[in-house]
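Thanks for coming, everyone. Let me walk you through one structure. Here it is.

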Amino acid sequence: MVYHGLPLFDGQPLVVLDETIKHIGELAAIVILFITGLEITPREFLRGGAASFTIGALGVIVPFAAGFIILTIYGLDSFEVLLIATALTATSIAIYIQVLTELGKMQSKEARLILGAAIVDDILAIAILSVVVTMVQSGDTTPQIMDIAFLILKILGLFAVLLIGAVFLIPRILHREKLWRSRGSIEGITTAIFFGIAGIAAYVGLSPIVGAFAAGMAVASTKLIKQVEEYAQRLQFIFAPLFFAIIGAQVDLRGINLEVLIIAGIIIAIAILSKLVGCGLPSMLFLKDKTKSMRVGIGMVSRGEVGLIVAGVGVTSGVLSTAVYTSIILMVAVTTIITPIWLKKSYKEKLSSDIVR
């Protein structure tokens, strides 16, 4: 499938999105998920315990269920409903880390809870993405519940094995000084590692981005993380704009009409409310504080890379219509914009009330 942009020169588009460009976008997604994994060590993941798992799991279940039920009632195609519901599950780890670091609140209880929950959220979202992609590829939207449960458990099990293997092997490889004495060797080895593990993930039936994410988490626990992060920043300068540009270029602005705005409005409302309910309310059980619990819900609202990847999977497979695809992109954009503003406002309001007292 070839995607054409707006006609800018003599009726011709500036860029034609052919298969080669699409493959570049897929490589960019692998790089982005590796960089996301660098923000979390396995120890940080385990530190959250039951609280993080509970909130992260509900942060996936509630948006998926709400999206599936409401959009089915609205009358969208079953495959489209599945992909939209999947896009609603993800949380952008990078957005809230940036905001809380800027505010100096990364060590607060709610920040640590958001971190653990977001990790669980993203892993489960990626697992669901793998299930939905399998269903889309097979053309079967009505598998048995036990089949879905088995597939999710299989994916989580494979991810656990992949992560344990990565955590065991990668530090041993990177800590061999002979391998990285020469200039640029650590960057080359790191690149080979995360693309290699992404390939292994694809070979065993997982999405390649799952492998890249696991590789990032494993590298995050090594003593070379600072050097790898510097390299990752350079990769991000190249691949992040490419990824977002390729995804965004597939949005046909000529297709924005009343139907798109209505669908986008519904999806955005579900995206915000489902995270506030699914993550904010359960946080009360662990934080015993309404304001802090509300911040957990707000921090989980932003959708990020996984949401865009879901949209990309849908449009490249021909499952999503232009209207629905554009609506998902609008949802990701709106939630990404409002989350940092809303989160900062929440902390500033608390600071103002403390000063008044």
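Start with phenylalanine 237, which sits in helix 10. Helices here are DSSP runs of H or I with at least four residues, strands are runs of E with at least two, and both are numbered from the N terminus. This is a predicted model: local features need pLDDT of at least 70, side-chain atom pairs count only at pLDDT 80 or more, and totals for chains, interfaces and linings use all residues. Residues are numbered from 1 along each chain as its sequence is written, and side-chain values use heavy atoms, with hydrogens and water left out.

Is phenylalanine 237 buried or exposed? Exposed, with a relative accessible area of 66%. Buried means under 20%, exposed over 50%, partly exposed in between, with a 1.4 Å probe and protein chains only.

Now the whole protein. It has 14 helices and four strands. Of its 357 residues, 50% count as buried.

On to helix 11, residues 258-287. How far does helix 11 reach? Its 30 residues reach 42 Å from first C-alpha to last, close to the 44 Å expected at 1.5 Å a residue. That expected span is 1.5 Å times one less than the number of residues. At its start, a side-chain oxygen of asparagine 257 comes within 3.1 Å of the backbone nitrogen of glutamate 259. Just after helix 11, lysine 288 has a positive phi of about 55°.

Last, helix 12, residues 290-299. At its start, a side-chain oxygen of aspartate 289 lies within 2.9 Å of the backbone nitrogen of threonine 291. The buried residues of helix 12 include Ser293, Arg295 and Val296.

Conventions
A polar contact is a pair of N or O atoms within 3.5 Å; within protein, one must be able to donate a hydrogen and the other to accept it, and residues adjacent in sequence count only if both atoms are side-chain atoms.
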